[in-house]
Structures are given as C-alpha cells and as structure tokens.
Amino acid sequence: MSINLGAATVEVDDDPRRYSHLSTIRLEDPDAVARAAKARRRHPGLRYGRQNFIVAADHPARGALAVGNDPVAMADRRQLLDRLQVALANPDVDGVLASPDIMDDLLLLGALEGKLIFGSMNRGGLSGLVNEIDDRFTGHTAAALEALGADGGKMLTRICLGDPDTVAMLEATAKAIDSLAERKLIAMVEPFLSIRENGKVRNDLSTNAVIKSIAIAEGLGSTSAYTWMKLPVVADMERVMAATTMPTVLLGGDPDGTQDEVFATWEAALALPGVQGLTVGRTLLYPADGDVAGAVATAASLLNHTASEEVSE
C-alpha cells in the first residue's frame, strides 16, 4: 500500500479483493448489519474530564473527496476502510463519526467494538452544489441511530445570511435536535457562518463569526440537554469557548499548516474548559507523511484521558 502503517499497528493486506466479503454479505444477508450493531460491545460511557477522540469519516457522502492537493484522495473505499481500521485499532480512539454506508461497513468488519458511534445526518448540501446551503437530512435519522445503538448524530449547520435556504435548514436542525433528545441521544451540532463568493460557499473562520454561529446554533431545538458543539480551532479560542456551556469537540478540517502546527493549535485548545475532545478525519487519515498510526497516536497524546475524581465519586 501507499501508506505507512507503522510497526506497532495492525497490518493491512492490499489485495484488491480484501473487502469483497462485504459485498457478499450485503447481497446475501443484509440483515447482518443490524445483527452486528445489536451484538457489539458498547463504549463504557462519557465522563467529565476524560476527553474523547472520535475519527470522522463522513466527507465522501457530501462529495468532498479532496485532501490537500489531491481532489480524489478519499475516493478509494478500500483504502479509506484500511485507514479507518488502523485509526480505530488505537485504544485511545473512542469512536467514529460516519455516514450510513461507512458505518455499516465498519459494523460488519467488527471495528466498532467498545466504541462511540455518531451518525452523520445531513449530507444533502453537496460540495459545490448550486443550492449547497439547502443541506437536507439525507443520512442517518434519529430513529435509525437509536436502532443501531448509536450515541448520537451530527449535523452540519451552515448559516448564510444572504441565502433564503438558511431558515429552512435551521428549522430542520432544530427538529433533528428534538428527535435525538427524545431518544436521549447526543446532537453534535457543527455551526458555521458561511458566505457565498463567486458561486462557492466559504465558512467564515474569524473569531467573531464562530462566536455568532455558536450563539445561533446552541439556541436551536426545544431543549439543549443533549446538544454538543463541534467547532473549528480558530484564533482566540478562549473567547470562543466562553460563548458556550455545552460539551465541545474540536474539528480538524483540511488544514493549511504543517502537521506540527496543527497539533500545537489543538493542544492549546484542548486545555480550555468545556472542550470534550477531538472529532477529526482527513488530517489524521491522510497525513502528509502517510503515517496514519503515527498521526493518530500523536493526536491521542494531546488529550486528557483521566476522568475527574469529583465526578467519579
């Protein structure tokens, strides 16, 4: 394979037929997905003070296949599954955020034993789509996540003040939050203030814009009891985290800086009150040096893995 899996990780066979059994199962025994979900061992539970590490793998369902300068880096499903299994084999990785197709593959592979599961709910705002802000809920539903034994669902919430589709998306997000809360499932809300420039949607990553997006997003739904924020690491994260009391995970995105620079910004942000951990995908699954295991291990070392004694008593 083209990636360096590291000496201390699981080996991956690059036989092109290595996942053909998944096609066979899907053809002959599709109920195997539900059985695997029901039989799997659940994560031991969330604890304040013990930060969680979740690997994100829902980008392809939105047509977002690019990583860095490679426009189709995530297109090869076999390589993506290889990389995900390497990441999930690290005991410090708590779980996965995935679209239904990838989640089902991982369940059939037995890769989610003892892991947190977050489903990706709205993937309809395809990358580059003429009405990208109309980000409809085309993925997991709250009912489906409950049936899978999932821990919650994630929703991308782009707020474009110049696009009339924004109000409908805010309403759909609020309904999804309520539907998850009814089932006592976490709603992981990923808000952005977005701008349309030259026909493309760009997220405003200025500190004030991120703070404003939080203010809007945390007020969605009839209850915030089960709501988390999923936020980018931007300048002046102290002000950003002062904007919410909700558990917050940091997202990685497709960063411009070097890996060391990115890890340094994560480390500083992870030290702030309210930060519950990382939810990162491309940065770790497709590192510049190809060392997936090494990137995952380095990121894991930044997190606090010790639960608060005050809460555990």
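Tutor: Arg-50 is partly exposed, at a relative accessible area of 23%, where buried means under 20%, exposed over 50% and partly exposed in between (1.4 Å probe, protein chains only). This is a predicted model in which local features need pLDDT of at least 70 and side-chain atom pairs count only at pLDDT 80 or more, while totals for chains, interfaces and linings use all residues. Residues are numbered from 1 along each chain as its sequence is written, and side-chain values use heavy atoms, with hydrogens and water left out.

Student: Which side chain does Arg-50 meet in a salt bridge?

Tutor: Its partner is Asp-94, at 3.1 Å from N to O; a salt bridge here is a side-chain nitrogen of Lys or Arg within 4 Å of a carboxyl oxygen of Asp or Glu.

Student: Is Asp-94 buried or exposed?

Tutor: Asp-94 counts as buried, with 4% relative accessibility.

Student: And what about Arg-123 and Asp-58?

Tutor: Their side chains also form a salt bridge, at 3.6 Å from N to O; Arg-123 is buried at 5% relative accessibility, and Asp-58 is buried with a relative accessible area of 3%.

Student: Which residues are linked in a network of salt bridges?

Tutor: Asp-58, Arg-123, Lys-154, Glu-190 and Lys-230 are linked in that way, and the whole structure holds 21 salt bridges.

Student: Changing topic, what is the mean pLDDT of the chain?

Tutor: The mean is 92, and 92% of the residues reach 70 or more, pLDDT being the predictor's confidence in each residue, from 0 to 100.
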